[in-house]
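Hello,

Here is the structure I promised to pass on to you. Have a look at it first, and then read my notes below.

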Amino acid sequence: MVLSRTLKVSIKKLSSKGFGVFEKITPHKNTTEIELFNALPGEKISVEEFSKNKKNLYVIKEWLKVSQGRQDPPCPYFGRCGGCQTLHMSDDMEAAFKRQKVIDALHSFGVRFLTVSPVQTYGQRERRRFRFEVLRHNNRIIFGLRRFHSNQLIDLESCYVADQSISDLLIPIKIFLTENTQEGFKASVSVLKVENGLDLDVQTIKDAKGLCANEKQTLDFMKRNGVTRLTYQEKSFVLQDPFILIDGLKVYIHQDAFMQASYPSEKAMQSIVASFLPTEKRPLMIADLYCGLGTFLIPLSRCHRVHGYESNIDAVRSLRGALSRGEVTSSKVEARDLKESPLSQSELLQYNCIVINPPRVGVAYDQLIQIGKSDVERIIYVSCNPDTFARDCMILDKFGYSPMEIIPIDQFYGSYHIEIVAVLVRS
Ligand SMILES: C[S@@+](CC[C@H](N)C(=O)[O-])C[C@H]1O[C@@H](n2cnc3c(N)ncnc32)[C@H](O)[C@@H]1O
């Protein structure tokens with residue numbers, strides 16, 4: 001890396017990933033926008049420009065003017081670990097940034113909307129699902145997350161935004177892996193905080209060397225550290241079957257199951273979804289598309305008839321089991337891939353309202369078109385991706401649906417991500 005020059009730059013705005021953006025004049029006298037990690041709007045910064053492989057890299061040398069929205073990042077790994085990008089922002093600045101992200105996405109897809117509500121933040125240090133990576137190199141276990149935009153794995157001994165029980169596991173798991181692996185071990189480790197402890201899923205990467213703990217060593221580690229199940233490749237060691245409570249109903253979970261990022265944010269979203277239901281005609285007939293383990297289906301089933309649709313067969317089994325144990329007969333769940341086999345316009349005729357909570361890629365296009373053509377008056381859309389949410393709103397707009405209320409829920413404190421709960425009504 002060669003230092004080419006030092007620049008004084010002014011940060012104009014934040015990028016959608018929370019980086020400061022400054023303008024640079026190119027040799028052809030055009031301006032180009034450069035993103036700088038850990039820089040905030042209004043700041044003036046002295047930046048060193050390095051060139052490497054015909055690319056320029058920018059490193060902050062010193063702050064000449066500091067934003068009032070800056071705070072000391074509360075995590076010692078901030079800036080190295082790629083898990084968080086916004087811990088240098090005050091809470092107010094982080095909330096404003098995330099609200100603006102939603103507004104910018106809607107504008108960029110030309111969606112008409114009245115307003116976006118202020119961000120509601122829940123579970124700031126209670127993130128309950130993580131996927132870590134681990135490798136053994138030079139006889140040392142490196143366990144953590146990658147640096148942002150890099151393959152470098154950053155070794156963590158705690159995590160500021162994780163639920164305390166997950167953060168507390170990091171040192172014991174490193175000791176366990178140090179004692180029970182060989183040089184060349186490389187794996188991904190999913191950790192879920194469930195009602196009765198922690199659920200771990202360890203999968204070695206390709207041809208990497210594996211875990212060599214025997215049953216006794218594994219069970220001892222689990223008992224000492226509140227791990228209720230540890231799955232390694234295909235084999236599970238189980239002290240108690242892991243479960244979560246959704247609106248008081250026990251739902252046993254499959255390994256690496258999808259759960260909303262924190263328990264408090266899940267509760268808040270369930271209330272908002274319920275408040276968005278149509279007020280007339282009760283009980284309602286509701287379709288819950290991409291229903292997962294029943295985060296919305298279960299509480300809605302208390303007063304309404306809900307049909308859930310979900311492609312993950314393990315999630316469908318877990319949810320069916322929970323409904324049957326809870327003697328919930330008003331609702332049911334169907335294993336169905338909504339991309340391959342969307343619910344048709346005529347199938348949707350029976351519903352008063354649709355709840356949708358798709359993965360980051362948004363609603364499958366053909367499914368969206370069927371919803372657009374349907375007679376359903378109200379769609380409650382829960383999304384973890386403002387861009388695909390906005391794109392889907394743009395498509396639904398052609399069928400007369402407009403977002404009446406859009407509430408950003410910050411369940412990803414410290415990162416640039418934001419969840420949205422919105423209600424779209426046919427005008
Ligand atoms: C964001 S999660 C939401 C789950 C649930 N609503 C919740 O809050 O826990 C998205 C869900 O969509 C499911 N899914 C992904 N692609 C799907 C498809 N093509 N058809 C049906 N379900 C799908 C995933 O398995 C996952 O459970």
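**The open sheet**

Eight strands make up an open sheet with mixed pairing, in the order E7-E22-E23-E21-E20-E17-E18-E19. At its edges are strand E7 (120–121) and strand E19 (332–335), each of which pairs on one side only. Please keep in mind that this is a predicted model.

Strand E20 (residues 353–356) and strand E21 (residues 378–383) run parallel and are joined by 4 bridges. If you want a pair to start from, isoleucine 354 has isoleucine 379 in E21 as its bridge partner.

**Around strand E13**

Next, have a look at strand E13 (residues 227–232). Because 6 of its 6 residues are buried, E13 is largely enclosed by the rest of the structure.

What does E13 pair with? One partner is strand E12 (residues 197–204), which pairs with E13 in the parallel sense over 5 bridges. In this pairing, leucine 198 has valine 227 of E13 as its bridge partner. To get from E12 to E13 the chain passes through helix H3 (residues 215–225), and this β-α-β crossover is right-handed.

Strand E14 (residues 235–238) also pairs with E13, here antiparallel, with 4 bridges joining the two. In E14, lysine 235 stands opposite tyrosine 232. E13 and E14 form a hairpin with 2 residues between them, and in the turn glutamine 233 has a positive phi of about 55°.

**The ligand site**

Now for the ligand, which is surrounded by 17 residues. The closest are Gln260, Thr295, Glu310, Asp337 and Leu338. Sorted by class, the shell holds 7 nonpolar, 6 polar and 4 charged residues.

For aspartate 337, a side-chain N or O atom is 2.9 Å from a nitrogen atom of the ligand. Serine 311 takes part through its backbone instead: one of its backbone N or O atoms lies 3.1 Å from a ligand nitrogen atom. On its own the ligand has 590 Å² of accessible area, and the protein covers 86% of this.

That is what I have for you so far. I would be glad to hear what you think once you have had it open on your screen.

Best wishes

Notes. Residues are numbered from 1 along each chain as its sequence is written. This is a predicted model: local features need pLDDT of at least 70, side-chain atom pairs count only at pLDDT 80 or more; totals for chains, interfaces and linings use all residues. Side-chain values use heavy atoms; hydrogens and water are left out. A residue is near a molecule or strand if one of its heavy atoms lies within 4 Å of it. A polar contact is a pair of N or O atoms within 3.5 Å; within protein, one must be able to donate a hydrogen and the other to accept it, and residues adjacent in sequence count only if both atoms are side-chain atoms. Accessible areas come from the Shrake-Rupley method with a 1.4 Å probe; for residues, only the protein chains shown count as cover. Ala, Val, Leu, Ile, Met, Phe, Trp, Tyr, Cys and Pro count as nonpolar, Asp, Glu, Lys and Arg as charged, and the others, Gly among them, as polar. Buried means under 20% relative accessible area, exposed over 50%, partly exposed in between (1.4 Å probe, protein chains only). Two strands pair if DSSP finds at least two bridges between them. A crossover is right-handed if, with the strands pointing away from the viewer, the path from the first strand over the helix to the second runs clockwise.
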